[in-house]
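Look over the sequence and the fold, then read on.

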Amino acid sequence: MSILVYIEHADGSVKKTSLEAVSYGKALSERTSAGEVIALALGTISDEELARVGSAGASKVLHVADEKLNAGVIQAHADAVGQVYKQIGAETLVLAKSSLGDAVAARLAVKLDAGLVSNVAELPETADGYKVKRSIYTGKAFAETTVSKNHKILAIKKNAVDLKTDGADASVEKVDISIDASNFAAKITSTDKAEGEILLPEADIVVSGGRGMKGPENWGMIENLAKELGAATGCSKPVSDIGWRPHHEHVGQTGVKVAPTLYVAVGISGAIQHLAGVNSSKCIVVINKDPEAPFFKAADYGIVGDAFEVLPKLTEAVKAIK
Amino acid sequence: MKILVCITHVPDTTSKIQFTDNNTKFDKNGVQFIIGPYDDYALARAVELKESLGASLTVLNVGEAETEPTLRKALAIGADDAIRINAFPTDALFVAKQIASIAKENNYDLILMGRESIDFNGGMVHGMVGELLGMPSISPVMKLDIEGDTVKMAREIEGGKEFLEAKLPLIAGCQEPIAEWKIPNMRGIMSARTKPLNVVDPVDSEIATDVTTFQLPPAKGSVTLVDKDNVEELVKLLKNEAKVL
């Protein structure tokens with residue numbers, strides 16, 4: 001009996017959200033006496049990097065080094081994870097929500113005849129059945145969900161547990177499996193991805209701009225503050241609709257949902273659809289010249305003032321404390 | 001070419017979310033229900049494909065009788081016929097099994113739906129249907145074109161996009177900017193009244209997950225305002241009080 005954690009990696013490093021999933025698996029195993037936490041990585045990545053996954057709580061990392069898995073082909077990843085899950089006799093699969101993780105989890109729920117819960121916000125309660133708290137209505141509510149299947153898949157939200165960093169290095173074992181060619185029916189022909197940027201859905205700090213920024217030419221101020229904070233940049237829906245910023249930066253109900261420790265909103269009024277995308281943030285700072293902007297009601301800290309004056313000063317003030 | 005679009009019947013994005021019956025039921029009081037915004041993108045793209053490729057377009061919802069106005073709206077937007085699976089959509093696997101069962105009977109070439117519903121946000125149904133039918137499932141898809149039997153797609157990934165190609169049949173979970181939402185015109189609304197809406201009994205499916213209770217997030221305390229000429233104070237608060245820097 002064990003917990004398998006599917007981990008994703010990019011540019012040679014295991015994603016932080018995946019390390020959080022490992023820590024979730026570890027906390028889950030302690031709570032439910034569920035045995036070993038085993039991580040699974042697919043595609044090319046170094047043994048040293050995989051051993052580091054131990055710090056987050058895995059005792060062992062299994063590695064399917066097949067380079068055909070370097071691309072995130074959904075069916076192929078689902079097939080590989082399913083095979084390994086069965087091979088090791090796991091009872092629970094944990095993974096971080098992501099564009100690939102969600103897609104893989106859904107197929108695995110059918111493959112493994114498992115109860116799947118997505119947007120998991122906390123560790124399960126197991127005193128009376130198996131109950132998992134998940135976020136619904138785009139963060140506007142939670143649902144306590146009972147899982148009645150023996151096999152369980154938990155797709156966890158960012159910040160569902162604290163990242164553990166004190167574990168010993170994990171042992172890394174290569175696993176050979178054969179994946180039927182039919183699983184590569186959908187071919188990834190190319191990717192167009194920002195290099196070296198902090199990715200918005202995974203960022204610990206996010207700085208977002210709205211129409212109050214008056215035009216794309218003023219985004220340098222948002223980027224400067226983001227750079228000082230080590231933050232990703234986002235925007236409101238109108239801003240991506242007008243084309244000032246790319247769609248993948250749109251934060252909100254129909255865009256990216258973020259859960260950073262700090263969310264800084266500049267020149268965004270705070271429409272309910274935008275708030276839905278940010279309400280899982282630990283701390284929200286709002287900068288807006290309109291004191292009546294609804295966003296102030298959802299904020300922890302606020303500054304009523306002109307973004308063009310406040311942003312450069314704030315950037316300097318952040319620089320000063322480093 | 002046969003296209004199936006699966007839609008959800010969900011509260012409008014501006015709805016205040018509340019619960020009744022000891023937090024076991026969604027409070028529908030004063031809530032307006034709409035076609036899921038992501039499903040609406042899928043439907044809009046399907047209508048474009050129907051027009052350019054001469055395809056047939058069926059729209060499906062798993063829901064009780066109250067969802068029929070939502071299906072009629074999809075007919076008004078351009079679907080040819082509608083199927084309502086007469087059941088409460090208990091969980092993603094239940095819904096996926098209903099869709100897969102209809103899809104097996106009708107051999108659709110393309111099955112589209114939103115990347116996720118905006119009530120439960122699971123984003124799981126397309127992948128489950130794909131696995132049940134042994135077809136590729138791609139999500140979230142922001143661009144989808146068909147050339148012969150090849151589908152060319154762009155999928156949103158963290159920090160950018162990925163371009164894919166696959167053969168029909170396949171399933172896609174859609175999002176903007178795949179197409180612009182379509183608003184039904186008067187002719188569409190008139191013709192929707194007489195288009196077929198077939199009610200089908202659900203197939204059996206065991207329950208894998210079940211919601212026991214709902215909760216609202218704790219109320220937010222009041223905002224701490226900092227003077228615009230004293231931004232250093234804000235940085236101090238973030239560092240020492242909120243401990244987020």
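In β7(B), B:R84 is the bridge partner of B:N61. Strands β6 (residues 56–63) and β7 (residues 81–86) of chain B run parallel and are joined by 6 bridges. Strands (E, at least two residues) and helices (H or I, at least four) are DSSP runs, numbered from the N terminus.

This is a predicted model: local features need pLDDT of at least 70, side-chain atom pairs count only at pLDDT 80 or more, and totals for chains, interfaces and linings use all residues. Residues are numbered from 1 along each chain as its sequence is written, while chains are lettered from A and ligands numbered from 1 in the order in which they are written.

**The sheet**
- An open sheet of 10 strands has the order β12(A)-β11(B)-β10(B)-β9(B)-β12(B)-β8(B)-β1(B)-β6(B)-β7(B)-β13(B), with mixed pairing.
- Two strands pair if DSSP finds at least two bridges between them.
- At the edges are β12 (187–193) of chain A and β13 (197–200) of chain B, and each pairs on one side only.
- From one strand to the next, the twist averages 25°.

**Helices on the sheet**
- Helix α1 (residues 37–53) of chain B lies across β1 (2–6), β6, β8, β9 and β12 of chain B, at about 150° to β8(B).
- α4(B) touches β8, β9 and β12 of chain B, and its direction makes about 70° with that of β9(B).
- Angles run from 0 to 180 degrees between N-to-C directions; axes are lines fitted to C-alpha atoms, for helices over the stretch in contact.
- Contact means that two C-beta atoms, placed from the backbone, lie within 7 Å.

**Helix α4(B) in detail**
- In α4 (residues 125–133) of chain B, 9 of 9 residues are buried (20 or more other C-beta atoms within 10 Å of the residue's own, placed from the backbone).
- Among them are B:H126, B:E131 and B:L133.
- Their cover includes α4 (99–111) of chain A, along with α3 (92–106), β8 (110–114), β9 (137–147) and β12 (170–174) of chain B.
- B:G134 follows the helix, with a positive phi near 65°.

**Domains of chain A**
- The domain assignment, which is automatic or from a database, gives domain 1 (2–184) and domain 2 (200–320).
- Their centres, taken over C-alpha atoms, are 31 Å apart.
- Domain 1 brings 10 residues to the contact and domain 2 brings 8 residues.

**UniProt record**
- An unreviewed entry lists "domain: Electron transfer flavoprotein alpha/beta-subunit N-terminal" for residues 23–209 of chain B.
- That span is 31% helix and 33% strand, and its end C-alpha atoms are 17 Å apart.

Definitions and conventions:
A residue is buried if 20 or more other C-beta atoms lie within 10 Å of its own, exposed if 12 or fewer, and partly exposed in between; C-beta atoms are placed from the backbone. UniProt positions are given in the numbering used here, feature names are shortened, and annotations may be inferred rather than shown by experiment.
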